Amino acid sequence: MITINPWINFNGNAEGAFTFYKSVFGGEFTKVIRFKDLASEEFPVAEKEENKIMYIALPIGGSNMLIGNDVPEVLGRVNENENRSKISISTEKKEEADRLFNGLSAGGTVEGPMGDGPWGSYAGMFRDKYGIEWIIEFYPAK
């Protein structure tokens, strides 16, 4: 089976964002690695970045993983207003779609409220409070 696991870059707030995502999706982080955990002579880490997230993973559903990290300042800032991609989640129940939409969009900007779409799905779009864009959808059985 092939799975697609979104990987999100953050500007120092990956831990806060993933704590928020965990509060909505549930579950436990499978791994949290901070930059200081990998620090060595070959990989020096600035003191101001040692507690930032190098890798964090949150299982979603049976075989999907949401992954993220903080980008070290030396590599520049991530453009938080970029809109080249979205994370799309399909649910098995309309109520689950509403729950995820309401939870993840809290504090963010709704771009398209949940509703029936012309292609037969029940869907909505938003940018969460961390600048990440999401589409939540449910396809009713025919």
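A residue counts as exposed when its relative accessible area is over 50%. In this predicted model, W119 reaches 54% relative accessibility, so W119 counts as exposed. You'll find W119 in the loop between β6 (109-116) and β7 (122-127). Leaving aside residues up to four places away in sequence, W119 touches E137 and Y139. W119 and Y139 sit 20 residues apart in the chain, and their C-alpha atoms are 9.5 Å apart.

Now for the helix pair. Helix α1 (residues 14-25) packs with helix α2 (residues 94-105) at about 155 degrees, their axes 9 Å apart. The crossing of α1 past α2 is right-handed. Here is who meets whom:

| Helix | Residues in the contact |
|---|---|
| α1 | F20, Y21, V24 and F25 |
| α2 | R99, L100, G103 and L104 |

Sorted by type, the residues of this contact come out as 6 nonpolar, 1 polar and 1 charged.

On to the core. The largest nonpolar core has 28 residues, and those touching the most other members are F10, Y21, F25, L66, L104, W134 and I136. Elements giving two or more residues to this core are β1 (7-10), α1, β3 (53-60), β5 (87-91), α2, β7 and β8 (133-138). The top contributor is α1, with 7 residues.

Take I136 as a close-up: again setting aside residues up to four places away in sequence, I136 touches a list of residues including I89, A97, L100, F101, L104, M114 and F126.

Methods:
Residues are numbered from 1 along each chain as its sequence is written. This is a predicted model: local features need pLDDT of at least 70, side-chain atom pairs count only at pLDDT 80 or more; totals for chains, interfaces and linings use all residues. Side-chain values use heavy atoms; hydrogens and water are left out. Helices (H or I, at least four residues) and strands (E, at least two) are DSSP runs, numbered from the N terminus. Buried means under 20% relative accessible area, exposed over 50%, partly exposed in between (1.4 Å probe, protein chains only). Contact means heavy atoms within 4.5 Å. Axes are lines fitted to C-alpha atoms, for helices over the stretch in contact, and angles run from 0 to 180 degrees between N-to-C directions. A crossing is left-handed if the near helix is turned anticlockwise from the far one by less than a right angle, and right-handed if clockwise. Ala, Val, Leu, Ile, Met, Phe, Trp, Tyr, Cys and Pro count as nonpolar, Asp, Glu, Lys and Arg as charged, and the others, Gly among them, as polar. A nonpolar core is a set of buried Ala, Val, Leu, Ile, Met, Phe, Trp, Tyr and Cys residues joined through side-chain atoms within 4.5 Å.
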